[in-house]
Amino acid sequence: MSLKIIIVGGHGKVALRLAKLLSSRHEVTSIVRTPEHEADIKAASATPLQLSLEESPLSEFSKAFEAKDVVYFSAGAGGKGGEERTKAVDYEGAVKVFDAIEAVQGKKPRLVLVSAIDIRDPEKIPAHYTEEDIALSKRVRGAIPAYIKWKYEADKNLAKRTTFKWTMLRPGGLTDEPGTGKATIGRTHLSPTIARDDVAAVLALLAEREDAAGLGIDLVGGETPLADALDAAIKKGETDFLG
Ligand SMILES: NC(=O)c1ccc[n+]([C@@H]2O[C@H](COP(=O)([O-])OP(=O)(O)OC[C@H]3O[C@@H](n4cnc5c(N)ncnc54)[C@H](OP(=O)(O)O)[C@@H]3O)[C@@H](O)[C@H]2O)c1
């Protein structure tokens, strides 16, 4: 079935790959911040729409989400502009999108949010973590504390929402290596890294997985074909966002 899809953070490295994958079957709109990015969106066979999470009002997002089936959130400050900007985009921008979905009259679209693995209560180390996971978690938290903090606040906010269906995809470290079409998906360890191609492919599969609602799904490099690994994780029905 052809869906109406909108991607927030549409010119991002994952989002451009996602638009290319989705646009062969679905009607895709990609939100960009500058007209200079419109050509790249058109090259991905998607329709550009100019809005900024920091500048545009909630009502503009809500209007853009009307009559859409799926909203993807793949935006992020990318560490540019200090903690203030990370908070403004990764947290306040995400909450603006959640509120804008709630403000849609009639049928509300589903949300697929790109979060990250290991976004959790820093005081509670998950039972399945190995010594290697704990060491990697410590290293990453030391290197990018503001990112981890504001992503966690956004995810906690989303986890409480009940008026629309949502799924969080929680990839490990991203690379620009070519995708392998394989991964480990579901409750897993924090490594190895995963190609943006493979993250985009899993996001594309989630467009038609309404049954992933309410789940946080971890994703790292691995050996299981993506569709099989995702299907098994969804059928298990266990969220990897542990609060
Ligand atoms: N890097 C990692 O290892 C890693 C690991 C796990 C999860 N993630 C998450 O994966 C997601 C996608 O990653 P990526 O590599 O595709 O990121 P990316 O290339 O940095 O894309 C982020 C997009 O967000 C957009 N953005 C920034 N501020 C905005 C605003 N005010 N309004 C609207 N859009 C705005 C950027 O727009 P411009 O192009 O105009 O700057 C950019 O296109 C991110 O949410 C990231 O946090 C990353």
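Start with the shell around the ligand: its residues split into 10 nonpolar, 10 polar and three charged. In this sorting, Ala, Val, Leu, Ile, Met, Phe, Trp, Tyr, Cys and Pro are nonpolar, Asp, Glu, Lys and Arg are charged, and the others, Gly among them, are polar. What you have open is a predicted model, where local features need pLDDT of at least 70 and side-chain atom pairs count only at pLDDT 80 or more, while totals for chains, interfaces and linings use all residues. Residues are numbered from 1 along each chain as its sequence is written.

**Stop 1: the ligand.** Select the 23 residues that surround the ligand, and pick out the closest: G9, G12, V14, L53 and G76. A residue belongs here if its C-beta atom, placed from the backbone, lies within 6 Å of the molecule. Now colour α1 (13–22) and α4 (82–102), the elements that each give two or more residues to this shell. The largest share, three residues, comes from α1.

**Stop 2: zoom out.** Show the cartoon and you have eight helices and 10 strands; these are DSSP runs numbered from the N terminus, helices being H or I of at least four residues and strands E of at least two. The radius of gyration is 17 Å, close to the 18 Å that the globule rule gives for 243 residues, so the protein is as compact as a globular protein of that length. That radius is taken over C-alpha atoms, and the rule is 2.2 Å times the number of residues to the power 0.38.

**Stop 3: α3 on α4.** Select helix α3 (residues 58–65) along with α4: their axes come within 8 Å and cross at roughly 55°. Axes are lines fitted to C-alpha atoms, for helices over the stretch in contact, with angles from 0 to 180 degrees between N-to-C directions. That makes α3 oblique to α4, oblique being what is left after under 35 degrees (roughly parallel), over 145 (roughly antiparallel) and 65 to 115 (roughly perpendicular). Show side chains for L58, F61, S62 and F65 of α3 and for K96, V97, D99, A100 and I101 of α4, which make the contact; the criterion is C-beta atoms, placed from the backbone, within 7 Å. By class, this contact has six nonpolar, one polar and two charged residues.

**Stop 4: α7 on α8.** Which residues of α7 meet α8? Select D198, A201, V202 and L205 in α7, then L226, A227 and L230 in α8. This contact has six nonpolar, no polar and one charged residues.

Notes:
Contact = placed C-beta atoms within 7 Å.
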